[in-house]
Amino acid sequence: MSLTNFIILLIVQLGIIDYPTHEFYVSTTSLDFVLDKNEIQITSQFFIDDIENLIKFQTPNNTLIFEETYNEDTNLFLRDFIDKNFKISINKKTRKLLYLGYELKDDLLVVYSESKVSNSDVFDIEVFNSFLVNFIESQKNIVHLKFKNLKKSFLLTSLNKTFQYSFEK
């Protein structure tokens, strides 16, 4: 092995070691239809280290870390992350998501957002969720749907980023 190849291999190995890993790569997102408020409350949970590793990968010079205190840079990153990776359509019309904020719970990052909806609007729903699937090959995204007395869960992956569900009229 040449010295150049050895140095490249060493740099790659050091870069890989810098990103801590865990056994499971999963996020959960709950869509809770609160019809008396005409909204969908959306709560997404991620392992903090997965999001921090994504940030390090995308912008190596970025020093953004998640802290308990409010941070506008963190909010801007998360608003953009949600906007790019999560979409809701109801009756074939894409709904605008309003990012509300985040909090840290132990090793989890919990992100809150919402969308407006009226009770009479909801018949068919389509959800696109690509959280981390382009960064972590084994990433799984679980979406819980709560509408009236109905509770459904869907497993999304890099090969299947969208689900559709039709409610009874």
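Contact is taken here to mean heavy atoms within 4.5 Å, and by this criterion residues 24 or more positions apart account for 61% of the contacts in the protein chain with a separation of 6 or more. The structure is a predicted model, in which local features need a pLDDT of at least 70 and side-chain atom pairs count only at pLDDT 80 or more, whereas totals for chains, interfaces and linings use all residues. Residues are numbered from 1 along each chain as its sequence is written, and side-chain values use heavy atoms, with hydrogens and water left out.

The pLDDT, which is the predictor's confidence in each residue on a scale from 0 to 100, averages 84 over the protein chain, and 80% of the residues score at least 70. Over residues 12–20 the pLDDT is below 50, and this stretch has six contacts in the model beyond near neighbours in sequence. With helices (H or I, at least four residues) and strands (E, at least two) defined as DSSP runs and numbered from the N terminus, the protein chain contains three helices and 10 strands, and its elements follow the order α-β-β-α-α-β-β-β-β-β-β-β-β from the N terminus on. The accessible surface, calculated by the Shrake-Rupley method with a 1.4 Å probe and, for residues, with only the protein chains shown counting as cover, comes to about 10,500 Å², of which 54% belongs to carbon and sulfur atoms. Residues are classed as buried under 20% relative accessible area, exposed over 50% and partly exposed in between (1.4 Å probe, protein chains only); of the 169 residues of the protein chain, 38% count as buried.

Strand pairing was assigned where DSSP finds at least two bridges between two strands. Strand 1 (residues 26–34) runs parallel to strand 8 (residues 140–147), to which seven bridges join it, and in this pairing Val-143 is the bridge partner of Thr-29. Strand 1 also pairs with strand 2 in the antiparallel sense over seven bridges, with Asp-32 opposite Gln-41. These two strands form a hairpin with four residues between them, and Asn-38 in the turn has a positive phi of about 55 degrees.

Strand 7 is joined by five bridges to strand 3 (residues 86–90), which runs antiparallel to it, and Lys-87 stands opposite Phe-128. A further five bridges join strand 7 to strand 10 (residues 162–166), again in the antiparallel sense, and here Glu-126 stands opposite Gln-164.

In helix 2 (residues 48–58), the buried residues are Ile-48, Asp-50, Ile-51, Glu-52, Asn-53, Leu-54 and Ile-55, and what covers them includes strand 2, helix 3 (72–85), strand 5 (98–105) and strand 6. Ile-55 has a relative accessible area of 2%, and its C-alpha lies 8.9 Å from that of Phe-77, a residue 22 positions away in sequence.

A nonpolar core is a set of buried Ala, Val, Leu, Ile, Met, Phe, Trp, Tyr and Cys residues joined through side-chain atoms within 4.5 Å. The largest such core has 37 residues, of which Phe-33 and Leu-109 touch the most other members. Leaving aside neighbours within four places in sequence, the contacts of Phe-33 are Glu-39, Ile-40, Ile-90, Val-117, Val-122, Ile-125, Leu-145, Lys-146 and Phe-147.

Four salt bridges were found in a search of the whole structure, the criterion being a side-chain nitrogen of Lys or Arg within 4 Å of a carboxyl oxygen of Asp or Glu. In one of them Lys-116 is bridged to Glu-39, with the closest N and O atoms 3.2 Å apart. Because Lys-116 lies in strand 6 (residues 108–116) and Glu-39 in strand 2 (residues 39–47), this pair ties together parts that are 77 residues apart in sequence. The salt bridge between Glu-103 and Lys-105 (3.8 Å, N to O) involves two partly exposed residues, Glu-103 having a relative accessible area of 32% and Lys-105 one of 43%.
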